There are 2 protein chains.
Amino acid sequence: MTGRVKGMKEKIIIGVDLGGTFIKFGIFSEKGKMLEQWKVPTKEKNNKEAVMRAIAQEAMQHMEACGYTLEKLQGIGIGVPGSVNRHGRIIHAPNLGWSMVDFEKEMQVFLPVPLFVGNDANVAALGEQFFGSGKGCDSLVFVTLGTGVGGGVIVNQHLVTGCFGGAGEIGHMVIDPKETVTCTCGNKGCLEQYASATGIVNIAKNKLNATDIPSLLRQKEAITAKEVFDAVKEQDALAMEVAEAFGQTLGHALALVASVVDPDMFVIGGGVSAAGDILLDYIEKYYRVYAFSPSKQTPFKIASLGNDAGIFGAARMVMLG
Amino acid sequence: MTGRVKGMKEKIIIGVDLGGTFIKFGIFSEKGKMLEQWKVPTKEKNNKEAVMRAIAQEAMQHMEACGYTLEKLQGIGIGVPGSVNRHGRIIHAPNLGWSMVDFEKEMQVFLPVPLFVGNDANVAALGEQFFGSGKGCDSLVFVTLGTGVGGGVIVNQHLVTGCFGGAGEIGHMVIDPKETVTCTCGNKGCLEQYASATGIVNIAKNKLNATDIPSLLRQKEAITAKEVFDAVKEQDALAMEVAEAFGQTLGHALALVASVVDPDMFVIGGGVSAAGDILLDYIEKYYRVYAFSPSKQTPFKIASLGNDAGIFGAARMVMLG
C-alpha cells in the first residue's frame, strides 16, 4: 500500500493487466497516482467467465478492503493479451485460448462500471507515454521484446487502436519475405522471429551450429537472450554477430514504422530490454541507416515502468475516457 | 464557378495545393462545399517569397472578385510538396528547392489569417477521407502513385502529422535492403523505386532487356506505367510479370503499414491509379499474403477526387482547426 486518496471526494481508477500467468491490479487516483497494487494467479485461464468473474471480485473486494466504495470508482481499464478491435472485442487471445469475445460487453455483467479494454502491449505503450520513459511526448512507439514482440503506437497522446485489432502489431511485420520458417501467427518472416527473446536465442543457436567461432555461449546449457547480451558486454565475437543481426532487423522495422507515424520517440521494453543501453546501440545503428531523412534522429529510450506499464496504461485509458 | 454561399453570415475557406507546376485553389463553404476552383502556373518556384506573395494575392483577388471579404475568410489550408513538421515548418521540398522554411509563420506576412500547412500527399489523404473514397471512414491510409510515391495516414479523422516531417512517407519505406540503386532520398531500396510510375517503367525495361518474352511493350518507343497496365488488360505475359512485381512490393509495404495503424481502408490514388481496379487486384493479392491475420481483409479502393484531393484536403485542415 503506497498511499491513500486525499479527500474522499476524489474518484479512483482501477488498472488491470490480464496475463496468462498473473492478473495484475492497481488502484490509482483520478490523476493517475498509484495508491495500491497487487497481483493474483490467473486461474482457469481458458474459461473466460471464470476469469472475468475473478477480475471483478478481486477488484471489488480489494477496493472495499481499502475503504473505497463502488461510487468512487471512475472506471476500470484492462489490458488483455490478444488483438482487440475498436469496439472492445477480443478477436484472438492465443495465450488464453479466447476468440471473438465481446469483452467490454460481457464484463459489464460482472462489473457494471465504465470499462475500457485494449491489447496489453498497446496499453503498456500508453503507460510508458504518460508515466514512464515517454513522459512529455505527444507521440511514441513502444516495442516490447519478450517471448514475442508486441507494440503500441501513441499519436497525440491517444492510443492508435486501429480498426480490426492489428494496430501496433509490430512483431508481425513481415521483415523477411524469403523466410521459410513459420511464425506463431501463420505468416513467415515476422519481426518476432528475429527480435524476440526466442528469436535472439534462435539466431545464436544457428550461429553456434554453423560456425566454429569461439564463444562464451558455447559453455551454456540453455542460452537465454540475457546471456547473449551479457556476452556482448564481454566483447564476445559470436554474441556481437547475433546482436548485429538483431539490431539490423529491429532497426529496419522501426525505420519502416517511422515512415508511417514519425513518432517523437521509440521506447524499448520487455524482458530483453533489461540488457540496457547496449541494446539501443545496436538498434539505433541500423535504424539510422534505413530511416527516411527527416526521421533519422528520432531518439530511443529503454522503458522505465517494467512490469507495471500495463496497469499504469490501463488506468490511463480510463483517464482519457 | 459551381455556386455561391447561401446567407452571407457563413464563413468561407480557401484550400490551396502548391505544386511545382501549378498552384491550385478552391473556395469552400465552412461545411466543405466547393464553390469555386481555379489554378495558376507556379512562377519563380525557387523564390519562396514570390511564391508566398503569389498565393496570397491570387487568393485575395479571386475571393474579392467573387464577392467575399477578408472577414468572411475562416482560414487557408495549404498542401506543399515536401516534408512538414508539426510546427508547420517545411523541412525539405525538393521540387521547389526549399529547405527549413517556417511556412506558416512567413506566410502570415502576406496573408494575416489562420493558416494550416501540410505535406501535399498527407493533405490529399484528408481530402479522400472526408470528401472522397474514404467518406465515412474514421481512419485510412492513402497512397499516391505518381512520379514518386506519397502517402497520408488518417487516424480518428485527423491527419497523423508526425514529429519530424516523416509521417505518411510510405514511398520511402526501405522494402529491399539489398537494393544497390540509390533512391532520390539517398537511401536504397525504397518502395518508390518499384511502385511509382517511374519504378513500374524501370521494372518493365529491365524485364524487356533481360528476357525474350514477346510483349506489346516492345513496340513502344517510350513506355509509360499506363501502357504497362493497358498491356496487362490485354493479358500481355511480360506486362503481367511487371504487375506481379509491383503488386508484391506495394502489397507487402501496405501490410507493414497495417501492422502499425490498422486502418479501416486503403485508398490508392495518383496517376498510376487511372489503371483502375486491376491495380487493386495485384496489390490486394500480396497484401493478403503478408498482412497479420486481424487485418487481412482490410478493403482497398481507388481514390475518387483525382487532382482535386489536395484542395479538398487543404480545406478540411481548416475545418478541423
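Author: Two residues are said to be in contact when heavy atoms of theirs lie within 4.5 Å. The model is a predicted one, in which local features need a pLDDT of at least 70 and side-chain atom pairs count only at pLDDT 80 or more, while totals for chains, interfaces and linings use all residues. Residues are numbered from 1 along each chain as its sequence is written, chains are lettered from A and ligands numbered from 1 in the order in which they are written, and side-chain values use heavy atoms, with hydrogens and water left out.

The residue to begin with is A:Ser29, which belongs to strand 2 (residues 22–29) of chain A. Helices (H or I, at least four residues) and strands (E, at least two) are DSSP runs, numbered from the N terminus. Beyond its neighbours within four places in sequence, A:Ser29 is in contact with A:Glu10, A:Lys11, A:Ile13 and A:Leu35. Its relative accessible area is 7%, so A:Ser29 is buried. The term buried means under 20% relative accessible area, exposed means over 50%, and partly exposed lies in between (1.4 Å probe, protein chains only).

The pairing of strand 2 can be followed in chain B. There, strand 2 (residues 22–29) and strand 3 (residues 34–41) run antiparallel and are joined by 7 bridges; two strands pair if DSSP finds at least two bridges between them. B:Ile27 has B:Glu36 of strand 3 as its bridge partner. The hairpin formed by these two strands of chain B has 4 residues between them, and B:Gly32 takes a positive phi near 100 degrees in it.

Positive phi values also occur in residues other than glycine. A:Met100, with phi near 50 degrees, is one of them. A:Met100 lies in strand 7 of chain A and, at 46% relative accessibility, counts as partly exposed. Strand 7 (98–101) and strand 5 (83–84) are the edge strands, each pairing on one side only, of an open antiparallel sheet of 3 strands in chain A with the order 5-6-7. Strands 5 and 6 (residues 90–93) of chain A are joined by 2 bridges, and A:Ser83 stands opposite A:His92 of strand 6. Chain B has an open antiparallel sheet of 3 strands with the order 5-6-7. Here 3 bridges join strand 6 (residues 90–93) to strand 7 of chain B, and B:Ala93 has B:Trp98 as its bridge partner.

B:Asn187 is buried at 9% relative accessibility. Its contacts, apart from neighbours within four places in sequence, include A:Val289, A:Tyr290 and A:Phe292 from chain A, and B:Val174 and B:Gln193 from chain B. A polar atom of the side chain of B:Asn187 lies 3.0 Å from the backbone oxygen of A:Ala291.

In helix 6 (residues 225–233) of chain A, the buried residues are A:Ala225, A:Val228, A:Phe229, A:Ala231 and A:Val232. Down the axis of helix 6 of chain A, these residues fall within an arc of 155 degrees, so they line one face of the helix; the arc is that of the directions from the helix axis to the C-beta atoms. Helix 5 (197–210), helix 7 (237–261) and helix 8 (277–290) of chain A are among what covers them.

As to confidence, chain A averages a pLDDT of 94, and 98% of the residues score at least 70. pLDDT is the predictor's confidence in each residue, from 0 to 100. For the complex, the predictor gives an ipTM of 0.93 and a pTM of 0.94.

How values were computed: Polar contact = N/O pair within 3.5 Å; in protein donor to acceptor, adjacent residues only side chain to side chain.
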